[in-house]
Amino acid sequence: MLVQWLAWTALLSLDWAPGSWAFTTTRAQGLRGRIQRDRRNIRPNIILIMTDDQDVELGSLQVMNKTRKLMEDGGTAFTNAFVSTPMCCPSRSSMLTGKYVHNHNTYTNNENCSSPSWQAQHEPRSFAVYLNNTGYRTGFFGKYLNEYNGTYIPPGWREWVGLIKNSRFYNYTVCRNGYKEKHGAEYATDYFTDLITNDSTNFFRMSKRMYPHRPVMMVISHAAPHGPEDSAPQYAEHFPNASQHITPSYNYAPNMDKHWIMQYTGPMKPIHMEFTNFLHRKRLQTLMSVDDSVQKVFEMLEETGELDNTYIIYTADHGYHIGQFGLIKGKSMPYDFDIRVPFFLRGPNIEAGAVNPHMVLNIDLAPTILHIAGLDTPPDMDGKSILKLLEQEKTGNRFKPNRKPKVWRDTFLVERGKILRKKEDSVNTQQTNSLPKYKKVKETCQQAEFQTPCEQPGQRWHCVEEITGKWRIQKCKGGSKEGSGKRARSLKPRSSYDNREGGCECGDALTSPARTGRRSHRPLSASSGHRYRPRFVHTRQTRSLSVEFEGQIYDIDLQADDQSAVRRRVISKRHYDPEDPEFHPGSDDGSEEMLADDTNAVGYPNSVKVTHKCYILMNDSVHCEREIYQSSRAWKDHKSYVDQEIEALQDKIKNLREVRGHLKRTRPDECDCGRKREPAHESDAKAQLYNEIRRRKKERKEKKRQRKGDDCSLPGLTCFAHNNDHWATAPLWTLGGFCACTSSNNNTYWCLRTINETHNTLFCEFSTGFLEYFDLNSDPYQLTNTVNTVDRDVLNSLHAQLMEMRSCQGYKQCNPRPKGLDAGGKDGGSYEPHSTQPIWDGRQS
């Protein structure tokens, strides 16, 4: 009775009456649906909008009024945002993984960019994989990595529209969920900025309609303002007098106090200066479409009711320079115009219109996105979540209203290039780079081992003083390097490698046998069956030689001692001679003869068979079978076959380079078993052969460059040629062509960028041993290198800290605590490079 009374009381409290049970059920369902709608917004959406090559120092944001209103006024602006490597693919790889370049090993736009090792080791650990595994609907739209070939979908992405290769606005190909999709030159259907904007907004709407309970994370990666700088037609006439790029460092050249390329670059010519004005104008025009894209994304969020539950990040992969220090265009320099980027954050609990001066990096993107999604930062990520900088000041103790100031980095690493492999037999000038070049050479030459003219046993270097009093370090001729030669092949079966256990197996003989002796003692194969033998074996010894003498061809047996080794060889002529009665273009039976050369070409004398239907003749012309020229279907099929072969060979070459790099990094140490050095004349012969090979290689490159008509490339420099055909959209360039060089192969560096209450500095060590130091408090445009005025103890401390940062791994090591704070803490590192590292005296030990 008590249970029944309670049940009736509950029904009466719900105003229940007979016949109203359906109403009660409907009401309960509505309440349950409202709870589900509320629960779907527990985890926020995340949208990352990224541009390519967008600067801060040259004023590109000044024309993006819509973006600034929505992101700067509606969110927080980070005024000290930087990238750790000012190049496209390395920086984008850091954004995806949250790691410095030396930890994900993508050093340039070519080396290891979207390589097999990247795909196997680092791509599966991008922030997209983590979010996809926790229920986020992930989508990527736009440019991915420079060498992405569209043959696969990177892990972690549910929706994928990735640009194949580098930035384009028209005539490009995208990989849409595994299928390649080609686009032409129609603005309405093909303009890249509008394409990825429409695809991303449609994906968001569809996701919220089909999966309302699941959050969305998507990346919109624009190609603008990267080249070829094709703007939308409606913006082709904008900004005719734009001049924001003309900063105090514009055309400030040459710079004899900076590294080599800055010394090499002189003042720009009038046509170069006009080009910089034209280029800056076209870059701003492409950004207008990005400005429209940002507004469309916000309108979509308002329509779907997700604006208040969405974090939006706007940034770029690196900066850019246009005429700064005489460099006409480009990036990859360690100066602020290349490493500073725009960075805005808007979302729940983000203060609108705020300005944050803390130092944020591209490696902070992945940890920040994971933090927004409620995930912890993996220990192998080098960056930190910037949300910790935006947490509101909360204190649980009313008697301690003041919290300790937030601990955040004030120094980060800027790196371009990889750590050079140390050579045992070369002069170690890397540790003497705290002095100018002439001073460190003079200091090195003061050591006794370099003062004698190649008289000491084992001496490989010596110093020479010129008439002008300048010292030079020269290599001793005739000497040999221990361990510098190629390693001899093992004469034992392959199974013997497994029993060595990393040790050295040295025989009784002190000298290694000659190549002929090693060949005679090579064990034979135990198997009686036929074994595959390659057609060309590099280590095979020459047995015979064909010599032409007085119009005849003779075979000379190099292993025979008597004159019987010389035999005349009868061979048909390979060139057509109409006066030769013995020459017959074909045999009597209509069949074709196999020519007596190494090309195996049938029917085309001295030709090289490239495919099964095409040959390259002696005059470098290409000739194919007749059906290729008569049938359009045959032509199309063969061209498709050639394209597939080229793509397969390119992938194979890329894989082989990866294997070669791996072998170089894992090469075991040489064994010193008391071998005698090779005679000097043998070493000289090898050196001459090596120099001859290098000379021939340079000649082949030069001939290839001449055939292509390339008169702009220079050895060791990164140059580009510009002409009237470069831009296909208005406004068009009509002032003619020119050539300019923007970087060099030795532009490899490691720098420390520091910003705090007292310091605003940049310290760089280049691979050439050159040093640069700038105090941006007094020299904000980095016009003067003041390394010679810095105290040597300060340089020692900076060098020690730089060496620590170059090898750091994980956010605990890669975010050293600012100097003066107590060691320890859960966010920063626990070491202080300024105080705990050994003093570096800058001299050779």
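Reader: Which residue lies over the face of Trp727?
Author: A charge sits over a ring if NZ of Lys or CZ of Arg is within 6 Å of the ring centre and within 35 degrees of the ring normal. At 5.2 Å from the ring centre, the residue over the face of Trp727 is Lys282.

Reader: What is left out of the side-chain values?
Author: This is a predicted model, where local features need pLDDT of at least 70, side-chain atom pairs count only at pLDDT 80 or more, and totals for chains, interfaces and linings use all residues. Residues are numbered from 1 along each chain as its sequence is written, and side-chain values use heavy atoms, leaving out hydrogens and water.

Reader: Which ring has Arg214 over its face?
Author: Arg214 lies 5.6 Å from the ring centre. The ring belongs to Tyr211.

Reader: How many helices and strands does the protein have?
Author: Helices (H or I, at least four residues) and strands (E, at least two) are DSSP runs, numbered from the N terminus. The totals are 21 helices and 24 strands.

Reader: What share of the 845 residues is buried?
Author: Buried means under 20% relative accessible area, exposed over 50%, and partly exposed in between (1.4 Å probe, protein chains only). By that cut-off, the buried share of the protein is 42%.

Reader: Of contacts between residues at least 6 apart in sequence, what share joins residues at least 24 apart?
Author: Contact means heavy atoms within 4.5 Å. The share joining residues at least 24 apart is 64%.

Reader: How many aromatic pairs does the structure hold?
Author: Two rings of Phe, Tyr or Trp (its six-membered ring) pair if their centres lie within 6.5 Å. Planes under 30 degrees apart count as stacked, over 60 as edge-to-face, and the rest as tilted. The count of aromatic pairs is 32.

Reader: Why does the pair of Trp260 and Tyr264 count as it does?
Author: Both residues lie in helix 10 (residues 260-264), 4 residues apart, about one turn of the helix. Trp260 is partly exposed at 38% relative accessibility, and Tyr264 is partly exposed at 43%. The ring centres are 5.2 Å apart and the planes meet at 20 degrees, so the pair is stacked.

Reader: How far apart in sequence are the parts tied together by Phe278 and Trp733?
Author: This pair is edge-to-face, at 5.6 Å centre to centre with 75 degrees between the planes. Phe278 is buried at 14% relative accessibility, and Trp733 is buried at 3%. Phe278 lies in helix 11 (residues 270-304) and Trp733 in the loop between strand 20 (717-722) and strand 21 (738-744), so the parts tied together are separated in sequence by 455 residues.

Reader: Which residues do ring pairs link into a cluster?
Author: Phe and Tyr give some members, and Trp gives others. The cluster is Phe127, Phe140, Tyr144, Tyr148, Tyr152, Trp157 and Trp160.

Reader: Which element gives the most to the lining of the largest cavity?
Author: On a 1 Å grid over the protein atoms alone, a cavity is a set of points where a 1.4 Å probe fits but cannot get out, and lining residues have an atom within 4 Å of a point. The lining of the largest cavity is Leu48, Met50, Arg92, Met95, Leu96, Phe127, Phe140, Lys143, Tyr144 and Val219. Strand 1 (45-51), helix 4 and strand 3 (137-143) each give two or more residues to this lining. With 3 residues, the most comes from helix 4.

Reader: How much space lies in the largest cavity?
Author: The count is 3 cavities of 30 Å³ or more. Grid points are joined across faces, edges and corners, and a volume is the space filled by probe spheres set on the points. The largest cavity holds about 80 Å³.

Reader: Which residues does Ser91 touch beyond four places in sequence?
Author: Ser91 is in helix 4 (residues 88-97). Ser91 has a relative accessible area of 0%, so it is buried. Ser91 touches Val83, Thr85, Asp317 and Asn362.

Reader: How far apart in space are Thr265 and Asn255, C-alpha to C-alpha?
Author: Thr265 sits in the loop between helix 10 and helix 11. At 8% relative accessibility, Thr265 is buried. Thr265 contacts Ala253, Pro254, Phe325, Gly326 and Leu327, leaving aside neighbours within four places in sequence. Thr265 and Asn255 are 10 residues apart in sequence, and their C-alpha to C-alpha distance is 7.8 Å.

Reader: How far apart in space are Cys764 and Pro334, C-alpha to C-alpha?
Author: Cys764 lies in strand 23 (residues 760-766) and is buried, at a relative accessible area of 0%. Not counting residues up to four places away, Cys764 touches Pro334, Trp750, Cys751, Phe770, Leu771 and Glu772. Cys764 and Pro334 are 430 residues apart in sequence, with a C-alpha to C-alpha distance of 8.0 Å.

Key:
1 Å grid on protein atoms, 1.4 Å probe; cavity = no way out; pocket = protein on both sides within 12 Å on 5 of 7 lines; lining within 4 Å.
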